[in-house]
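The exercises below are meant to be worked with the sequence and the 3D structure side by side.

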Amino acid sequence: MTHRTVAGFLTPDGFVQPSVAAVLREGWVITEAGRYAVHALASRGSRRTPCGSHPVRASEPVLLVPGFLAGDSSLGPMSRTLRHLGHRTYRADIRANVGCTLAAAAQLEERLEGLAQRRGSRVRIVGHSLGGMLARGVAARRPDLVAGIVTMGSPMLAPGAHHVSLARSVDLLVRLNRAGLRNLMAEDCVAGSCAQESFDQARAALPAEVDFTAIYSRRDGIVDWRACIDPLARAVEVRSSHLGMAFDPAVIAAVSEALRPAAPSVVEVDRGEIA
């Protein structure tokens, strides 16, 4: 997605693409991965609960939505930790988030409908980057399915304000689509009516009953961090790279805190179910 390809309205005035050198900040991902490994090892022993006891789960299911170019596995570490903390997590069934954003939103809505019916309650969504933008659009359209959303590094206010490395990746997808690979992102998704509709959905008004937390980092080397602070959200700043938000223990702790309602009315005991 270069300036030759992307529509100008995706980068409104006041937002800019991170500098070429900004990607160096993503080097923090190595430290963040190390922190997660240490945290996972330290918590392994604590997962052995006394005989006959079970962790108490939060009442609402949590759907995890991966970012651009990523799949469900990218949020695997977060899913495991959130489960340990008492959340019942589910996958979005996205192998690779590289297709039409409107189609991805429709798929996400269908997944939410099934999950809400299965669990008998509204769902909380955690979305990384593009996944957060999809979550916000679906939450605005279907508040009957969504209790709250948590976005991580999601540039809802300016999707086009991203690093040139990401721009080249999207431009490649558009060219491959033109060559006949129809399941990949098309030019209309970045410069046409599809792009406009997706952008509008990601900025639509949210009902007051849908809780909204937007997590952002000034260390983000992939998107303009200012575009991640939605005026309708409770903004939470972390010290993380863009990629590292998927597994940094400090970010996961912030996500877990945001997922818990202020006054939960129902809890349910973990019966060892796996999504």
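This is a predicted model: local features need pLDDT of at least 70, side-chain atom pairs count only at pLDDT 80 or more; totals for chains, interfaces and linings use all residues.

**Exercise 1. Decide whether β4 is enclosed or open, and name its strand partners.**

Solution. Strands and helices here are DSSP runs numbered from the N terminus (strands E, at least two residues; helices H or I, at least four). First, count burial, where buried means under 20% relative accessible area, exposed over 50%, and partly exposed in between, with a 1.4 Å probe and protein chains only. Six of the six residues of β4 are buried, so this strand is largely enclosed by the rest of the structure.

Second, separate the two faces. In a regular strand the side chains alternate between the two faces of the sheet. On one side of β4 lie V123, I125 and G127, on the other R124, V126 and H128, and all of these are buried.

Third, look at the pairing, for which DSSP must find at least two bridges between two strands. β4 pairs with β2 in the parallel sense over four bridges, and L63 stands opposite I125. β4 also pairs with β5 in the parallel sense, over six bridges, and there the bridge partner of H128 is M152.

**Exercise 2. Trace the salt bridges of R124 and state which parts of the chain they tie together.**

Solution. Side chains of opposite charge can pair when their charged atoms come close. The rule used here asks for a side-chain nitrogen of Lys or Arg within 4 Å of a carboxyl oxygen of Asp or Glu, and by it the count comes to 15 salt bridges.

Start with E60 and R124, whose side chains meet at 2.5 Å, N to O. E60 lies in the loop between β1 (56-57) and β2 (62-65) and R124 in strand β4 (residues 123-128), so the pair ties together parts that are 64 residues apart in sequence. E60 is buried at 17% relative accessible area, and R124 is buried at 7%.

Continue with R124 and D211, whose closest N and O atoms are 3.9 Å apart. D211 belongs to strand β6 (residues 211-217), so this pair ties R124 in β4 to a part 87 residues away in sequence. D211 counts as partly exposed, at 25% relative accessibility.

**Exercise 3. Which residues are linked with R142 in a network of salt bridges?**

Solution. Take the pair R142 and E109, whose closest N and O atoms are 2.9 Å apart. R142 sits in the loop between α4 (130-141) and β5 (146-152), while E109 is in helix α3 (residues 101-119), 33 residues apart. R142 counts as buried at 18% relative accessibility, as does E109 at 15%. Extending from this pair, the network links E109, E113, R141, R142 and D144.

Definitions and conventions: Residues are numbered from 1 along each chain as its sequence is written. Side-chain values use heavy atoms; hydrogens and water are left out.
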